Amino acid sequence: MAWGHSGPPSNDPTDERKTVCQDIGRVAVIGGGPAGSAAATRLAHRGAEVTLFERAEFPREKVCGCCLGAAGLAALDAIGVGQSVRELGQPTTFFHGYFQTGRGGTREERIHSTRGVRIPIVQGTALSRSQLDLNLLRWAEQAGVNVQQPCGATIVSQDPSGVWVESESGGSQRYDLVVIATGLTGKFRQSGAAELAWKQTPHGPMGISTHLPRPIAEEMAWQLEDGEIQMHCGEEGYAGVVQLPGGDLDIAAAVHVRPRNSKEDHAGKRAIEAAVESLLLNSNALNSRQSDRLRQWFAEGASWQTTPALRRKRVAGNGRVVAIGDAAGYVEPLTGEGMTWGIESGLAVADLWALYQSGRMTADKEPDFGAHWHARATKFQTRRRRLCGWVTGWVRYRPARWLARGGLQRAGWLAAPFTRSLAIGPRFESTTTLQRPLASIADASHRTHPSS
Ligand SMILES: Cc1cc2nc3c(=O)[nH]c(=O)nc-3n(C[C@H](O)[C@H](O)[C@H](O)COP(=O)(O)OP(=O)(O)OC[C@H]3O[C@@H](n4cnc5c(N)ncnc54)[C@H](O)[C@@H]3O)c2cc1C
């Protein structure tokens, strides 16, 4: 594993940070994706005794477009791991959108009616989730987090003084705070314990992804340009393609499908795969030889992972149980906003907990930490969630794709305020060398451009 220039946080007991951090209690983080690892690292930097439970063995892949945006990298810089992630990944610098407007006719006719649009973005990075998630989890371990893996965990009960968590390694333990970072599919509580009510139940498109191996990509001569995030937008939804370090292509899509025959077990999955195929083949990115080879690989060799319906949102906190990342609500990723939200929410909840434990939040007159977190999370999730949700919802409609294609081909600069806005996130104080552990926590809501 490559560490960043700053090196891993030291575990030396004589390290200055041990003496300047205050004790902010015992915290359990359930889930070791980007959100969970970022939260655990930040909490450890702030002085908490942290245990992270991850049910899967790493490295593992998961459904994802594998692009991390500039704001996500800036948040990782604040916990010292941003540079090592940049070194592991491939820079992403522009979005290449194919807005499909052809209707009816032969595929060749539809191809002629479709042309790509190039939109520069603030630089992010692309890397596989197996590498990213392993790297972030190891970083958390180096920060002093007790990582239990593979080890699922669930909340069994909660009272005003703490939360009880039962893990697969046996027994239950009491924690002062439990951070839920279980993503889209994780079960985090036993019945009757610590409910976080839905504000929007899961609905909308389903996610799917696969990796096209480098030898097949080379045989097909399907090569992306340096820095390219390719996006194919059509009636079925959108499919993204990005080149990973090592040369494999990550193909990930969010598609709206109705299973054609609910009696067939695989009908739903087949319908999703067919939608991805049609999104990729109805653009002009591939010639007919490449399309045939891709179709053949889909039929014979592709290994797909899928998700349930993606769009959802829940109350992000209740007492001493708080949710972050996808577990709290889904942000549609265009250039890396999903993981960015996860990482930012992980840092923000840790900072808020440190402030709460220091007794400096009494002026708010709200004793419930979960309610504080819900208010904070809503405040900084809303802008990107709305922006990305609006764009991805809008491009499903043919007139909107037609307008987007025509407008952006003539005046690409129209997209600049939008792409710059995606790269803006909360400003986080660096906790890699903690000199002032609580300084400027309250500034977390100030916004800044990461490249400024
Ligand atoms: C098609 C598609 C494409 C996407 N493309 C991008 C993209 O290009 N860029 C981007 O930024 N985002 C993208 N996203 C979104 C991104 O994948 C998520 O936002 C991100 O993974 C959320 O991180 P997380 O840490 O909240 O959850 P996850 O990454 O899902 O991690 C949750 C972890 O919790 C563990 N877990 C679950 N339950 C338990 C339990 N009870 N006990 C212990 N462990 C548990 C799981 O094993 C898992 O490792 C995409 C999503 C989809 C569906």
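**Figure 1. Contacts across the chain.** Of the contacts in the chain with a separation of 6 or more, 75% are between residues 24 or more positions apart. Contact means heavy atoms within 4.5 Å. The chain has 13 helices and 19 strands. Helices (H or I, at least four residues) and strands (E, at least two) are DSSP runs, numbered from the N terminus. Buried residues make up 56% of the 452 residues. Buried stands for under 20% relative accessible area, exposed for over 50%, and partly exposed for values in between (1.4 Å probe, protein chains only). The model is predicted: local features need pLDDT of at least 70, side-chain atom pairs count only at pLDDT 80 or more, and totals for chains, interfaces and linings use all residues. Residues are numbered from 1 along each chain as its sequence is written, and side-chain values use heavy atoms, with hydrogens and water left out.

Figure 2. Two strands pair if DSSP finds at least two bridges between them. Strand 2 (residues 49-53) and strand 6 run parallel, joined by 3 bridges. In this pair, threonine 51 stands opposite asparagine 146 of strand 6.

**Figure 3. Strand 11 and its antiparallel partners.** Strand 11 (residues 198-212) pairs with strand 15 (residues 305-314) in the antiparallel sense over 6 bridges. Isoleucine 208 stands opposite threonine 306 of strand 15. Strand 11 also pairs with strand 14 (residues 249-255), again antiparallel, over 7 bridges. Here leucine 212 stands opposite leucine 249 of strand 14.

**Figure 4. The loop between strand 2 and strand 3, and cysteine 67.** Proline 59 lies in the loop between strand 2 and strand 3 (67-68). A cis peptide bond joins phenylalanine 58 to proline 59, with omega about 0°. Cysteine 66 is in the loop between strand 2 and strand 3. Its phi is near 65°, a positive value in a residue other than glycine. Cysteine 66 counts as buried because its relative accessibility is 1%. Cysteine 67 belongs to strand 3. Cysteine 67 is buried too, with a relative accessible area of 10%. The C-alpha atoms of cysteine 67 and alanine 126 are separated by 4.4 Å, although the two are 59 residues apart along the chain. Not counting residues up to four places away in sequence, cysteine 67 touches Thr92, Thr125, Ala126, Ile229, Val242, Thr335, Gly336 and Met339.

**Figure 5. The loop between strand 6 and strand 7.** Proline 150 sits in the loop between strand 6 and strand 7 (153-159). The bond between glutamine 149 and proline 150 is a cis peptide bond, with omega about -10°. Cysteine 151 lies in the loop between strand 6 and strand 7. At 3% relative accessibility, cysteine 151 counts as buried. Cysteine 151 and alanine 56 are 95 residues apart in sequence and 7.1 Å apart in space, C-alpha to C-alpha. Residues up to four places away in sequence aside, cysteine 151 touches Phe53, Glu54, Arg55, Ser167, Glu168 and Ser169.

**Figure 6. Alanine 221.** Alanine 221 is in the loop between helix 7 (214-220) and strand 12. Phi of alanine 221 is near 55°, positive in a residue other than glycine.

**Figure 7. The second largest pocket.** About 430 Å³ of space lies in this pocket. Of its 21 lining residues, Ile119, Val391, Trp394, Leu408 and Phe418 are the closest to the centre. Strand 4 (90-99), strand 12 (228-234), helix 11 (369-394), helix 12 (398-410) and helix 13 (416-422) each give two or more residues to the lining. Helix 12 gives the largest share, 4 residues. By class, the lining has 18 nonpolar, 3 polar and no charged residues. Ala, Val, Leu, Ile, Met, Phe, Trp, Tyr, Cys and Pro count as nonpolar, Asp, Glu, Lys and Arg as charged, and the others, Gly among them, as polar. On a 1 Å grid over the protein atoms alone, a pocket is an open set of points where a 1.4 Å probe fits, with protein on both sides within 12 Å along at least five of seven lines; lining residues have an atom within 4 Å of a point. Grid points are joined across faces, edges and corners, and a volume is the space filled by probe spheres set on the points.
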